[in-house]
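Trainee: I have a structure open and would like to learn how to read it. Where do we begin?

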Amino acid sequence: MQFQVSDAIILRHIDYGEADRVVTFFTPQQGRCKGFARGARNSRKRFGTALEPFAQVRVHWSPAKGSGLPPLREVELIDLRVGLRSDLLSLALAGYGCELVEELVGDDPGHPDIYQLLRAFLDHLATAGPSPTARLLFELRLLHQIGYVPHLLHCAECFGPLADEVAFDPHRGGSLCGGCAPAAGGVRLGLTTVGSLARLLRSPPEQFAGINLGERTLAEGGAALATALNIHLSRPLRSLRFLREISRAFEG
Ligand SMILES: [Zn+2]
């Protein structure tokens with residue numbers, strides 16, 4: 001029997017039967033995995049707090065027998081990320097980041113870059129707290145890493161130069177010039193916002209600290225990224241609804 005070991009981020013767990021748990025975790029090489037944690041609810045000694053969502057862990061598991069889930073032998077806790085557990089907005093953003101990765105990557109193996117991005121995002125939330133800049137950076141980099149590279153600094157259709165106001169349509173490839181864009185409607189961005197997004201794509205993908213975006217970039221860039229993410233999602237995200245409710249409560 002060949003045991004497997006991998007660094008992982010716990011995405012969630014659900015209770016199963018009287019004493020067990022089914023754990024979903026994300027790994028650099030094997031993508032999203034599920035495992036069966038026998039006795040996890042009876043014996044705190046066996047898994048402790050290592051199965052909590054957003055925990056950084058090292059998972060040891062055995063091959064699945066038949067059609068069952070692979071049994072987890074041991075889950076070593078590396079970092080519980082205590083800092084994000086005392087802040088509701090950080091928790092909401094962490095849940096959103098994990099659900100986005102699950103939806104966009106799913107069971108597709110071999111995404112160490114996306115694993116490192118999620119890890120850096122969760123670490124940042126745990127140490128620096130939530131911010132709209134961190135959210136935008138995560139969304140932009142995740143889109144880029146799944147292979148969606150919007151045309152930003154020139155028109156996606158005629159490759160011509162852009163005016164001060166840029167229409168953004170992810171279905172047509174990104175930025176559109178005045179001649180190619182419809183006269184009204186859709187997402188509109190200032191040329192400076194488009195330039196900021198292009199610059200941010202050149203920043204190290206795991207860097208969140210020390211980057212602060214202005215309100216206009218956050219509002220316009222956030223709206224553009226939301227439309228771009230939407231075309232890759234097959235259903236509305238539960239975590240996004242929660243995040244909106246929490247954000248409103250903080251603003252109101
Ligand atoms: Zn054009």
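Trainee: Leaving aside its neighbours within four places in sequence, which residues is T193 in contact with?

Mentor: Remember that this is a predicted model. T193 is in contact with R216, T217, E220 and G221, once neighbours within four places in sequence are set aside. Take E220 from that list. T193 and E220 stand 27 residues apart in sequence, and their C-alpha atoms are 7.0 Å apart in space.

Trainee: Is T193 buried or exposed?

Mentor: Count the C-beta atoms around the residue. A residue with 20 or more others within 10 Å is called buried. T193 has 24 within 10 Å, so T193 is buried.

Trainee: Which element does T193 lie in, and which residues of that element are buried?

Mentor: T193 lies in helix α5. That helix spans residues 191-200, and T193, V194, S196 and L197 are buried there. These residues cover an arc of only 160° around the axis, so they sit on the same side of α5.

Trainee: What covers the buried residues of α5?

Mentor: The cover includes two helices, α4 (132-145) and α6 (215-230). It also includes the strands β6 (165-169), β7 (174-176) and β8 (187-190).

Trainee: Now the sheet. In what order do the five strands come?

Mentor: Read across the sheet: β3-β2-β1-β4-β5. The sheet is open, and its pairing is antiparallel. β3 (31-37) and β5 (72-79) each have a single partner strand, so one side of each has no neighbour in the sheet. Direction ignored, neighbouring strands are turned by 40° against each other on average.

Trainee: What packs on the sheet?

Mentor: Helix α2, residues 88-105, packs there. It touches β1 (4-16), β2 (20-27) and β3. The direction of α2 makes about 110° with that of β3.

Trainee: How many bridges join β4 to β5, and how many pair β1 with β4?

Mentor: Six bridges join β4 (residues 56-61) to β5, and the two run antiparallel. β1 and β4 also pair in the antiparallel sense, over six bridges. Now look at single partners. W61 has L72 as its bridge partner in β5. Q56 has D79 there.

Trainee: Which residues of β4 are on the covered face, and which on the uncovered one?

Mentor: Start with the general idea. In a regular strand, side chains alternate between the two faces of the sheet. Now the case here. V57, V59 and W61 make up the covered face of β4. Q56, R58 and H60 make up the uncovered one.

Notes:
Residues are numbered from 1 along each chain as its sequence is written. This is a predicted model: local features need pLDDT of at least 70, side-chain atom pairs count only at pLDDT 80 or more; totals for chains, interfaces and linings use all residues. Two strands pair if DSSP finds at least two bridges between them. Helices (H or I, at least four residues) and strands (E, at least two) are DSSP runs, numbered from the N terminus. Axes are lines fitted to C-alpha atoms, for helices over the stretch in contact, and angles run from 0 to 180 degrees between N-to-C directions. Two residues are in contact if their C-beta atoms, placed from the backbone, lie within 7 Å. A residue is buried if 20 or more other C-beta atoms lie within 10 Å of its own, exposed if 12 or fewer, and partly exposed in between; C-beta atoms are placed from the backbone. The arc is that of the directions from the helix axis to the C-beta atoms.
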